[in-house]
Amino acid sequence: MDPKNVDCCEERSKSLRARYIYAIIFFTINLTAWFIRDYGHSVFPPTYYKEACGTTGHDCFHTLGVLRVSLGCFIFFFLMFLTTFIARKLYEACSKWHSGWWKLKFFLLLASMVVPFFIPPGFIHIYGEVARVGAGIFLLLQLISVIEFIRWWNKYWSPDEQSNQRSCSIALFTSTVFYGVSICGIVSMYYFYAPRPACSLNIFFITWTALLLIVMMVISLHSKVNRGLLSSGIMASYVVFLCWSAIRSEPVDEKCNVQKPDNRKFDWTTVLGFLIAIGAIVMATFSTGIDSKSFQFNKNNVKLEDDIRYNYGFFHMIFSLGAMYFAMLFISWNLKDSATEWSIDVGWASAGVKIINEWVAATIYTWKLVSPVVKQYRVVNNEQTMQP
């Protein structure tokens, strides 16, 4: 066997393993941010830097503590982005830096996490405002990645001239399941979150979501679009999930939210739900980070043996934006008031962000459906005007 091929295989394996190590690092930082927010003020002794944290240390815990941890995570992954975005081949120094040198990167991570705790709170507030924008960009990139995955799934399973009966049956069954789940979700939300006419806001959110489902289905079945029911069914379920998540983020003391206040009593279900939420943040960041192909203009590039298997720079850029995103979730997009213990992404600001996220998702998906028809219409018009 060619030694060069052996070396490429080894470097490729290292790069694929490295992304999981970065995900574990990101998960650990998420847990650190939660611990600093909820228990940092009662666990850590008063040995902090008073010019940055204040005499009581309040500016290094709670909301500002989360922002400081987020800033440290952002610094680390942004430095990784700056040092790896030019990597194209497995044998390049940037590629080996991405996949190895873990001891040096451990000290870099440690320094990145410590430095923000010496920064005055005024600069941390500025970072918090910037983090709102970065988190919004992260959500937009995540939406595009999800929609591209739905399009790929639809293309893989949708029947065509060469499809066998089994593929057609699977596509039909999957479409039925997703639409069934979407309808059940709409009905359940009306039952649990809009039990009385006074819940006008929830009724509006749920009704608008139902209308979005109908619009996406009609456009998908239009003769000029003809995308079938599979992709619109998957997107319908995703939109219903976003609506449900938004309503669940409403404050628990609202009369139209059936969640019961926990009165600061936490059982294993609270802990499990919290850990699942953190896991979802890591998975969303990880899946978007390795999906650089969805954001390429030319998606048919042929990979050579010594080419990197995913874009390292894009991967670290997504994780740096993910650092801003998890900060917003832990503080519920509110830079002033501290979130309650064991809570994540709860409050009217969080609900509003999720509803906007749902509408943007439906808009992007609808545009993905109609854009080929619009482009074809323009091409036909240009050809007609150019004819003598």
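## Helices H8 and H9

Axes are lines fitted to C-alpha atoms, for helices over the stretch in contact, and angles between them run from 0 to 180 degrees between N-to-C directions. In this predicted model, the axes of helix H8 (residues 200-221) and helix H9 (residues 230-248) cross at roughly 170° and come within 10 Å. H8 is therefore roughly antiparallel to H9, because angles over 145 degrees count that way.

On the H8 side, the contact is made by Asn-202, Phe-205, Ile-206, Thr-209, Leu-212, Leu-213, Met-216, Met-217 and Ser-220. On the H9 side, the residues are Ser-231, Ser-232, Met-235, Ala-236, Val-239, Val-240, Cys-243 and Ile-247. By class, this contact has 12 nonpolar residues, five polar and no charged.

## Overall make-up

The protein chain has 12 helices and zero strands. It has 388 residues, and 46% of them count as buried. Take the contacts with a sequence separation of 6 or more: residues 24 or more positions apart account for 79% of them.

## Helices H3 and H11

Helix H3 (residues 62-84) packs on helix H11 (residues 312-330). The angle is about 170°, and the axes are 7 Å apart. That makes H3 roughly antiparallel to H11. The residues of this contact divide into 17 nonpolar, five polar and no charged.

H3 brings residues including Val-66, Leu-67, Phe-74, Phe-77, Met-80 and Phe-81. Among those they meet in H11 are Tyr-312, His-316, Phe-319, Ala-323, Phe-326 and Phe-330.

## Met-80

Met-80 is found in helix H3. Met-80 is buried, with a relative accessible area of 0%; the buried class takes in values under 20%. Leaving aside neighbours within four places in sequence, Met-80 is in contact with Tyr-22, Trp-97, His-98, Lys-105 and His-316.

Met-80 and Phe-319 lie 239 residues apart in sequence. In space, they are 9.9 Å apart, C-alpha to C-alpha.

## Aromatic rings

A search of the whole structure finds 27 aromatic pairs. In one, Phe-35 and Tyr-39 have ring centres 6.1 Å apart and planes at 45°, so the pair is tilted. These two residues are four apart in helix H1 (residues 3-43), which means about one helical turn separates them. Phe-35 is partly exposed, at 29% relative accessible area. Tyr-39 is partly exposed too, with a value of 23%.

Ring pairs also build a cluster. It links Tyr-22, Phe-26, Phe-76, Phe-77, Trp-102, Tyr-310, Tyr-312, Phe-315, Phe-319, Phe-326 and Phe-330.

## Lys-105 and two tryptophans

Lys-105 sits over two rings. Its charged end is 5.4 Å from the centre of the Trp-97 ring. Lys-105 also lies over the face of Trp-102, at 3.7 Å from the ring centre. Trp-102 belongs to the aromatic cluster. Lys-105 and Trp-97 are both among the contacts of Met-80.

## Gly-100

Gly-100 lies in the loop between helix H4 (93-99) and helix H5 (102-114). Gly-100 counts as buried, because its relative accessibility is 15% and the cut-off is 20%. Gly-100 and Lys-14 are 86 residues apart in sequence. Their C-alpha atoms are 7.6 Å apart in space.

Methods: Residues are numbered from 1 along each chain as its sequence is written. This is a predicted model: local features need pLDDT of at least 70, side-chain atom pairs count only at pLDDT 80 or more; totals for chains, interfaces and linings use all residues. Side-chain values use heavy atoms; hydrogens and water are left out. Angles under 35 degrees count as roughly parallel, over 145 as roughly antiparallel, 65 to 115 as roughly perpendicular and the rest as oblique. Contact means heavy atoms within 4.5 Å. Ala, Val, Leu, Ile, Met, Phe, Trp, Tyr, Cys and Pro count as nonpolar, Asp, Glu, Lys and Arg as charged, and the others, Gly among them, as polar. Buried means under 20% relative accessible area, exposed over 50%, partly exposed in between (1.4 Å probe, protein chains only). Rings of Phe, Tyr and Trp (its six-membered ring) pair if their centres lie within 6.5 Å; planes under 30 degrees apart count as stacked, over 60 as edge-to-face and the rest as tilted. A charge sits over a ring if NZ of Lys or CZ of Arg is within 6 Å of the ring centre and within 35 degrees of the ring normal.
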